[in-house]
Amino acid sequence: MAAKHNAQKRVLILCGDYMEDYEVMVPFQALLAYGVAVDAVCPGKKAGDFCRTAIHDSSVHQTYTESRGHNFTLNATFDEIKAGQYDGLVIPGGRAPEYLAMDKSVLSLVNKFADSQKPIASICHGQLILAAADSVKGRRCTAYPAVKPVLIAAGAHWVEPKTLASCTADGNLITGATYDGHPEFINLFIKALGGSITGSAKRILFICGDFMEDYEVMVPFQSLQALECHVDAVCPNKAAGENCATAVHDFEGDQTYSEKPGHNFTLTADFEAVNASSYDALVIPGGRAPEYLALNESVLNLVKHFMESGKPVASICHGQQILAAAGVLKGKKCTAYPAVKLNVVLSGATWLEPEPIDRCFTDGNLVTGAAWPGHPEFISQLMTLLGIRVSF
């Protein structure tokens, strides 16, 4: 496990209600997967409480749309933390920064990181907090374009984002325009923390479909990109540049998970043109897409190629429905979302109980996980198979 080597690095994430869903979870789980200890806090809340998140996505309107995202569970208590215990700070965007920028305790915390020259990585609307904390004067920074007037008024040297994936680094300060830029944003933050990446430049393929789980595609996708890997996402009957709709699956007190619409996920390659032999690993997200992808012979043949060639295959949640349909689980030990146990057992695999739900397992070239809370283990175990390591 890669995680144990780097536990000495500690990072704080500053959260609030209606922060952008991706902008908190992707860096949170990516850093954990790389072996960094991460605490997520929110003023007025304690460990175990949750913050509601917002899904911001492009639209036909003059601005982005907003819908409800996952509930993000905090793992530390704001009033108990000390800035000196952490090596860096991450500030997600969304709407939370609008009110967090008026909280004196938040501004005091940011000032402590700024005064000590520790790395601060802020994205999208998070820069409102930096401006309120007087931490951008004379500094080069970017943000979501709507934040430009505030940053200029606060004395920043505004860097116009060429695309919404643009990021800027100025000393200890890393700023990004939107979650599209997470790969560079997280990569710059790792390096600002003194980290180095070895074994990268791998080529990884994702099998996507409509209503795959939102986190289960984007978190590993951008986490692997941040490690300087080439990552492609394909979907049968869709081309590069087209979107897949995603689903937000969450646990909200019902007998099963709830579902809400997620972000639109943009594909990067054409399914029909994929040359499986050019990739080093395969990732299969969960959600509802695997139900119908498991009926597609081309998908099943693609999975068989990776399994038979011994290349790493990482599948999470309902993704194992595809593995079962492909007939590649016989004699394997694996887990999945508990409702998929029947598929796994009937396919001849040995079922591994996911207790707790974030447990993941590796058996030979196969990594399996039960649900998105297990992403840090899931990504870390895939990194191990690929020979990728983050060292500090």
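In strand S15, the bridge partner of Leu205 is Asp232. Helices (H or I, at least four residues) and strands (E, at least two) are DSSP runs, numbered from the N terminus. This is a predicted model, in which local features need pLDDT of at least 70 and side-chain atom pairs count only at pLDDT 80 or more, while totals for chains, interfaces and linings use all residues. Residues are numbered from 1 along each chain as its sequence is written, and side-chain values use heavy atoms, with hydrogens and water left out.

S13 and S15 (residues 230–234) run parallel and are joined by five bridges; two strands pair if DSSP finds at least two bridges between them. S13 also pairs in the parallel sense with strand S18 (residues 281–284), over three bridges. There, Phe206 has Val283 in S18 as its bridge partner. Four of the five residues of S13 are buried, so this strand is largely enclosed by the rest of the structure. Buried means under 20% relative accessible area, exposed over 50%, and partly exposed in between (1.4 Å probe, protein chains only).

## The nonpolar core

Phe206 also belongs to the largest nonpolar core, which has 135 residues. Such a core is a set of buried Ala, Val, Leu, Ile, Met, Phe, Trp, Tyr and Cys residues joined through side-chain atoms within 4.5 Å. The members that touch the most others are Cys15, Tyr34, Phe206, Cys208 and Val303. Helix H1 (residues 21–33) gives the most to this core, with eight residues.

Leaving aside residues up to four places away in sequence, Cys208 touches several residues, among them Val217, Ala233, Val234, Phe265 and Leu293. Contact here means heavy atoms within 4.5 Å.

## Aromatic rings

Rings of Phe, Tyr and Trp (its six-membered ring) pair if their centres lie within 6.5 Å; planes under 30 degrees apart count as stacked, over 60 as edge-to-face and the rest as tilted. By this rule the count comes to seven aromatic pairs. One of them is the edge-to-face pair of Tyr215 and Trp372, at 5.0 Å centre to centre with 85° between the planes. This pair links distant parts of the chain, 157 residues apart: Tyr215 is in helix H7 (residues 214–226) and Trp372 in the loop between strand S23 (366–369) and helix H12 (375–386). Tyr215 counts as buried at 0% relative accessibility, and Trp372 counts as buried at 9%.

The rings of Tyr257 and Tyr337 are also edge-to-face, because their centres are 5.5 Å apart and their planes are at 75°. The two residues are 80 apart in the chain, with Tyr257 in the loop between strands S16 (243–250) and S17 (258–266), and Tyr337 in the loop between strand S20 (333–334) and helix H11 (341–346). Tyr257 is partly exposed, at 22% relative accessible area, whereas Tyr337 is buried at 13%. Elsewhere, ring pairs link Phe206, Phe221 and Phe265 into a cluster.

## Backbone details

Glu355 and Pro356 are joined by a cis peptide bond, with omega about -5°. Pro356 is in the loop between strands S21 (350–351) and S22 (360–363).

Cys124 is not a glycine, yet has a positive phi of about 65°. This residue lies in the loop between strand S7 (120–123) and helix H4 (127–132), and counts as buried at 6% relative accessibility. Ala201 likewise has a positive phi of about 65°. Ala201 is found in the loop between strands S12 (196–198) and S13 (203–207) and is exposed, with a relative accessible area of 59%.
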